Amino acid sequence: MVDDFDKILDQCIDRINRGESITDCLSDYPNYAKILRPLLESIYGIQQVYSFTPSDDAKRTARQKFYAALDKRGVSSKKVPFSFIPKPLVWATVAAVVMTIIGILVIRPALNQPTMVNIPKDDSAPISPEENSIPTPENNIVPGSEGNFVFLISDEPNDIGDFDSLNITISEVGLQSTGNSQGWVEFTPEIMTVDLTQVQGEQSQEIWRGDVPEGPYSQVFIYVSEVKGILESTIEVKLPSSRLHISKPFEVADDLLTSFTFDITVIESGNRGKYILKPEISESGVLQERKTN
Amino acid sequence: MNSRNKIKEYEARLAGLYEEYYDRIARYVYVRIGNRWDAEDIAGEVFLKALKSLNSYREQGVPMQGWLFRIAHNLAVDYLRKNAKRRTVPIDSIVPPGNDDPADSVSNKIEYKRVNQAMKQLTDEQRQVINLRFFGGLSSKEVGGILNKKDGAVREMQRAALEKLRGIMGMES
């Protein structure tokens, strides 16, 4: 009896994994419905909580690394039987590479312009048609001149005193907008490498200035591509992840200059000589002032 | 088939599994480590590691996708071991998935913690069964192959785990 029930439950789980509903399964086993339902509903609850879809970027990067490694072994995709490499994947990869090259060539001169991700164009959204079009060098925002947003890096002193220099290279910054235009605003810093020993405590380094859409934001990411510290010799500083992330809501308004300082601190981990970087939420935040122009 | 041809066949099969299993492995790892970005990185690493270890792959009861989950399990264990000593990201910066709406984010966090606590009260094998079945999307037979258990034993663990979770989380019957 128990074994029968285990098999029925198992079959229902297989069906749910294939996309069928709980009701479909229960209707096939009315005698067991009363005990099946709560168990199947708990599966649904667990799947909801842990469910996430890996980002396209991560998947693309991993795919490229995988195929590069495959090619390195002397197995080019031509040698792989056709049935194992779906043709759309090949074309998708080619298309992605071509688009990336075009993107670099076209958008590279306009790195100061934030990239809007998944933000629908809407008349009420503070994105002008000019901002939505591909930026040209003429309409670029020059860092240090105008704009409603400034991004700065600072260091809360912990173990930074151990270093002669500690250079971090930030390849990209992302702000999550939660206003009318929801999605990610991303920009590439004009100054990508910051020596944290030079920005301790009250000091900070402006790395980007420009316009971002007006409205509330909830989170800030910085993508750190390299960390190099110099004590007596060059050492590698560990990152908990290549993305340092702070959840701290703030608001951008067009008539104000909003400066967000992302504070990073370096601490020595348990073993001597090993250091780790982490975002310091308590020292990070926004300063706003009226625009003078 | 000589060993060289066999390796080539395995390489082709591994490439064929990438699209279908990358997401599942990332989810499986995410449930284990609780960090979605590192889970994505580890999922990519699983395929690279599998490629490097193809010479040692033996098709004995465990299909290749099961082998990938074994690699994922080992990498997740390594990750947790390394990170146990350096919990460096403050809790404020850990965000559960589906956090586009801040209001949702708060309720997601609460629900995430609740389910996570409940999962911790399962035995390691029960957690493995739940994870491989519901996030890896593997069949009981495949899970049995990975855990060296018979199908019946996996089904029994699965039911016991679900009953326990339901009890801990206070779900109404």
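Modeller: A residue is called buried if 20 or more other C-beta atoms lie within 10 Å of its own, exposed if 12 or fewer, and partly exposed in between, with C-beta atoms placed from the backbone. This is a predicted model, in which local features need pLDDT of at least 70 and side-chain atom pairs count only at pLDDT 80 or more, whereas totals for chains, interfaces and linings use all residues. Residues are numbered from 1 along each chain as its sequence is written, and chains are lettered from A and ligands numbered from 1 in the order in which they are written.

Biologist: Is B:N148 buried or exposed?

Modeller: B:N148 lies in the loop between helix 6 (140–147) and helix 7 (151–169) of chain B, where helices are DSSP runs of H or I with at least four residues and strands are runs of E with at least two, numbered from the N terminus. Its phi is near 55 degrees, a positive value in a residue other than glycine. Most residues other than glycine have a negative phi. Because 9 other C-beta atoms lie within 10 Å, B:N148 counts as exposed.

Biologist: What percentage of the residues of chain B count as buried?

Modeller: Chain B has 7 helices and 0 strands, running α-α-α-α-α-α-α from the N terminus on. Of its 173 residues, the share that counts as buried is 39%.

Biologist: What distance separates the C-alpha atoms of A:K228 and A:D195?

Modeller: A:K228 lies in strand 7 (residues 215–230) of chain A, and A:K228 is partly exposed because 15 other C-beta atoms lie within 10 Å. A:K228 and A:D195 are 33 residues apart along the chain, and their C-alpha atoms are separated by 9.2 Å.
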